[in-house]
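User: I am new to protein structures and would like to learn how to read a few features step by step. Could you guide me through the one shown here?

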Amino acid sequence: MQLSDRITGSFVATLGVLAAFGGSRLPPVPGQDVGPSAFPMLIGIGLVLCGVLIVLGIGHSFEEEAEADLAAVEGPPQHAQTTKPLSYRLRALLPPGLLLFYVVAVDRLGFVPTAAAMIFAGALAFGAKLPVALPLAAIAPIAIHLIFYKLLRVPLPAGLLPMPW
């Protein structure tokens with residue numbers, strides 16, 4: 001089933017309008033220039049912009065060029081296998097499963113170990129090799145913790161591995 005770009009773009013733009021509207025209704029934090037409304041409004045404006053670009057078909061020619069290049073390299077398209085293996089289909093359950101794992105484990109383990117396990121599992125499941133998945137799982141949670149703790153001033157659960165800052 002294929003949906004028109006006008007339908008999907010309109011849906012993305014509507015989602016952006018709703019996100020921006022919901023963010024604008026959040027109360028400001030006294031004494032801070034950037035409050036809780038900033039990020040939902042920024043994401044909403046970005047979604048509206050992307051939705052409008054999809055509706056207008058901007059960038060569609062890039063897809064056609066890429067498909068033509070791929071066809072030139074691989075030859076004419078062959079009939080795809082109609083059923084995917086079970087392991088391939090179960091990958092769709094990984095993101096909600098990882099979110100559930102986060103909710104259950106973050107208070108006990110802390111943010112850094114929980115995020116490291118999530119990133120490692122997600123990277124391996126979606127095709128990353130071990131030499132890429134391990135450093136990503138080691139560095140990304142620390143960087144994310146630093147951004148949330150220092151820049152956004154949002155405390156994250158310390159758990160088993162508290163950060164030194």
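Predicted model: local features only at pLDDT ≥ 70, side-chain atom pairs only at ≥ 80, totals over all residues.

User: How do α1 and α2 pack, and at what angle?

Analyst: Helix α1, which covers residues 5-24, and helix α2, which covers residues 38-56, pack at an angle of about 165°, and their axes are 7 Å apart. Because angles over 145 degrees count as roughly antiparallel, α1 is roughly antiparallel to α2. The crossing in which α1 passes α2 is left-handed.

User: Which classes of residue make up the contact of α1 with α2?

Analyst: Sorted by class, this contact of α1 with α2 has 12 nonpolar, 8 polar and 2 charged residues.

User: How do the axes of α5 and α6 cross?

Analyst: The axes of helix α5 (residues 94-109) and helix α6 (residues 111-125) come within 8 Å and cross at roughly 160°, so that α5 is roughly antiparallel to α6. Here α5 passes α6 in a right-handed crossing. The residues of α5 that make the contact include Leu94, Leu98, Phe101 and Tyr102, while those of α6 include Phe111, Pro113, Ala117 and Met118. By class, the contact of α5 with α6 has 13 nonpolar and 2 polar residues, with no charged residues.

User: How should I read an aromatic pair, and how many does a search of the whole structure find?

Analyst: In general, a pair of aromatic rings is described by the distance of the centres and the angle of the planes. In this case, a search of the whole structure finds 1 aromatic pair. It is formed by Tyr102 and Phe111, with 6.4 Å from centre to centre and 80° between the planes, and it is edge-to-face, because planes over 60 degrees apart are given that name.

User: Are Tyr102 and Phe111 buried or partly exposed?

Analyst: Phe111 has 8% relative accessibility and so counts as buried, because buried means under 20%. Tyr102, with a relative accessible area of 24%, is partly exposed.

Methods. Residues numbered from 1 in each chain as written. Heavy atoms only, no water. Axes fitted to C-alpha atoms, helices over the stretch in contact; angles between N-to-C directions. Helix = DSSP H or I, 4+ residues; strand = E, 2+ residues; numbered from the N terminus. Parallel < 35°, antiparallel > 145°, perpendicular 65-115°, else oblique. Left-handed = near helix turned anticlockwise from the far one by under 90°. Nonpolar A, V, L, I, M, F, W, Y, C, P; charged D, E, K, R; others polar. Contact = heavy atoms within 4.5 Å. Phe/Tyr/Trp six-rings, centres within 6.5 Å; stacked < 30°, edge-to-face > 60°. Buried < 20%, exposed > 50% of the residue type's maximum accessible area, 1.4 Å probe, protein only.
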